Amino acid sequence: QVQLVESGGGLVQPGGSLRLSCVVSGNIDSINAMGWYRQAPGNERELVAAISSDGSTNYADSVKGRFTTCRDAAKNTRYLQMDSLKYEDAAVYYCNSGGLIGGTYKFGDYWGRGTQVPVSA
C-alpha cells in the first residue's frame, strides 16, 4: 500500500507561481516513477509531468518551460514547481505512483486526493 498526500494548492494570479508537494508513505520501495495530473471541471484528467526513478522528466506540451518536477528521496517527497501560470492551468492537481514503459508514463493504482489550484485575477 502507498499513500500520497498533495499540498501547496491555493489561489494564484495569472503570471504567478506555486509549488506543489506530494509526500509518499507506505511501501515506498515499490515506487519507481511519479506523475502529476490535473483535472478541470468538465475535462478529463490529464498528465502534465512525470519523473522517473533516475530523475528524468517529461512534460506535457502545454506546460513545457513553465512547470518543473523534481524529487527529494530523503524526504519521500515529489514537487511540481509551476511558474507563469495561466487561466487554463486552473484545475485540481493530483500526484500518482506509476511507472515509465518505453518512455511513456503509465498511471498506477495510488492517487492523492488532490489539491485545488484556482487561477484568477
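Is Trp-111 buried, exposed or partly exposed, and what is its relative accessible area? Trp-111 is partly exposed, at 28% relative accessible area. Buried means under 20%, exposed over 50%, and partly exposed in between (1.4 Å probe, protein chains only).

## Basis

This is a predicted model, where local features need pLDDT of at least 70, side-chain atom pairs count only at pLDDT 80 or more, and totals for chains, interfaces and linings use all residues. Residues are numbered from 1 along each chain as its sequence is written, and side-chain values use heavy atoms, leaving out hydrogens and water.

## Aromatic pairs

The structure holds five aromatic pairs. Rings of Phe, Tyr and Trp (its six-membered ring) pair if their centres lie within 6.5 Å; planes under 30 degrees apart are stacked, over 60 edge-to-face, the rest tilted.

Tyr-37 and Tyr-105 are tilted, because their planes stand at 55°, with ring centres 6.2 Å apart. Tyr-37 belongs to strand β3 (residues 33-39) and Tyr-105 to strand β9 (residues 104-111), so the pair ties together parts 68 residues apart in sequence. Strands (E, at least two residues) are DSSP runs, numbered from the N terminus. Both tyrosines, Tyr-37 and Tyr-105, are buried.

Phe-107 and Trp-111 also form a tilted pair, with centres 6.0 Å apart and planes at 45°. Phe-107 is exposed, at 57% relative accessible area.

The charged end of Arg-45 sits over the ring of Tyr-94, 3.8 Å from its centre. That charged end of Arg-45 also sits over the Trp-111 ring, 4.7 Å from its centre. Here CZ of Arg must be within 6 Å of the ring centre and within 35 degrees of the ring normal.

Key. Helices (H or I, at least four residues) and strands (E, at least two) are DSSP runs, numbered from the N terminus.
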